[in-house]
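Subject: Structure handover, salt bridges

Hello,

Here is the structure you asked for. My notes on its salt bridges follow below it.

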Amino acid sequence: MPQVMHAHLKGTPETILPASTQPITVAFIEAGTADGGSTSWLLSALKYLDPGRFKPLVIFYYAARGATVEKIRALGVPLHFASTKAPGDLPSWLRSHPRLWPWRKFKSLCRIAYRLLVRDTSITRAVRKYLRETRAAVVVLNSDLHLQYCGAVAARLEKLPILCRKSGGIEEGLRIKKLLTPFVDVFVPISRAAEKDQLTNPATKRSVLVYEGVDMPQYRGQRKNPALRRMLGLPEKKKIVTSIARLEAGKGQAELIEAAVKVIQEFPEATFLIVGEETPPDGPITSALRSSVLRLGLTDHVVFAGGRGDVPEILAITDVFVHCPTTWIEGLGICHLEAMASGKPSVISRNGGLPEAAIDGVTAIVVAPADIAAMSKAILRFLMNPDLAERFGQAARARAEELFDIAANNAVYENLLQELASHRKSQGI
């Protein structure tokens, strides 16, 4: 049976080891390539990591961009990139010559072979090289294991202890996780839903539940910026319903646009702000969402803001936050935590760990996934009852301060990293 531990989120783990005299070099390995949940958490975690105990560095698999990446760079944390290219299944010259695929049924097989034998092998070698050159003592895989096989293999080859922050991946990548789970010394699921999923894998050695956190001062008491409304093209006197998530199938933006029809019919003073972008940008999902807005006659009521690095400012001008994913299973939903920290009432779906963060009927209204009627009704309830929205928002902020303050939750990570490094040192590695 794996060792399971529920950390005291306002304190420290049960075992606290003495700090070493020299800072421990910790390599955070990041699979994300732009602003998103994993890079957002990484920025906050690095900001509060004790510099007297730890010397962090970040290894990105691919060329990463965006405001969050630049903020990480501004902290003075060394950034390394295993590949200078954007992720892709096939090289561009091969994708652009369909005549090279006489048997289309073998295209998928060739894609997998290319990824494993060319792209991922090269990335694994580069990650291993950085780990060796920087003399990393501990590796943190900053997302679910099936997205981190290059880092897991590289760390294993270098005989480094591995902490995997299980931030999602519920019921995904089961085959590769079965293979790689023995490599990981400790999993840190960010919610009970993520923990339950991890513990279905019998190869799990140890699991420590630590709720995902946000940088509370960034969201507490943020003032509204009228210039931001003008820059985004948001009418001055309209209420703003905001969605913040990567544009991805199953993330819920399509259903939100459908719900907007009913909301606008009863409350025309509302505007829907959709924040996030597709990877790579302006792909078929973005096109489909824009087409739905046009088809439903919502062009004057829906604004696409793209990827943004000013989420606290966006949330400050928000009246109602909505995140109702359908098939995309959330580990906890950092955008929802950010809305809670900002004191905003939320409408969320019963999806993965999302409802675990909220108190239904107190901090948020929880609806069934893809229930467009319930979603629109909940949004209208907040828009038409400002006092109710304010009450929910205050309760949300109090709950975020209690459970999701990264400054407090980081202490658990620090002691786990110290423990892993000390164990490795005691073995003489």
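Which residue forms a salt bridge with Arg-165? The partner is Glu-212, with the closest N and O atoms 3.0 Å apart. A salt bridge here is a side-chain nitrogen of Lys or Arg within 4 Å of a carboxyl oxygen of Asp or Glu. The pair links distant parts of the chain, 47 residues apart: Arg-165 is in strand S6, and Glu-212 is in the loop between strand S8 (206–209) and helix H8 (216–219). Helices (H or I, at least four residues) and strands (E, at least two) are DSSP runs, numbered from the N terminus. Both Arg-165 and Glu-212 are buried; buried means under 20% relative accessible area, exposed over 50%, partly exposed in between (1.4 Å probe, protein chains only).

Please note that this is a predicted model: local features need pLDDT of at least 70, side-chain atom pairs count only at pLDDT 80 or more, and totals for chains, interfaces and linings use all residues. Residues are numbered from 1 along each chain as its sequence is written, and side-chain values use heavy atoms, with hydrogens and water left out.

The salt bridge count is 18. Two other pairs:

- Asp-144 and Lys-166 form a salt bridge at 2.8 Å, N to O. Asp-144 is buried at 2% relative accessibility, and Lys-166 is buried at 0%. Salt bridges with shared partners join Asp-144, Lys-166, Lys-177 and Asp-197 into one network.
- Arg-53 and Glu-414 form a salt bridge at 3.4 Å, N to O. These two residues are 361 residues apart, with Glu-414 in helix H17 (residues 406–426). Arg-53 is buried at 16% relative accessible area, as is Glu-414 at 9% relative accessibility.

Regards
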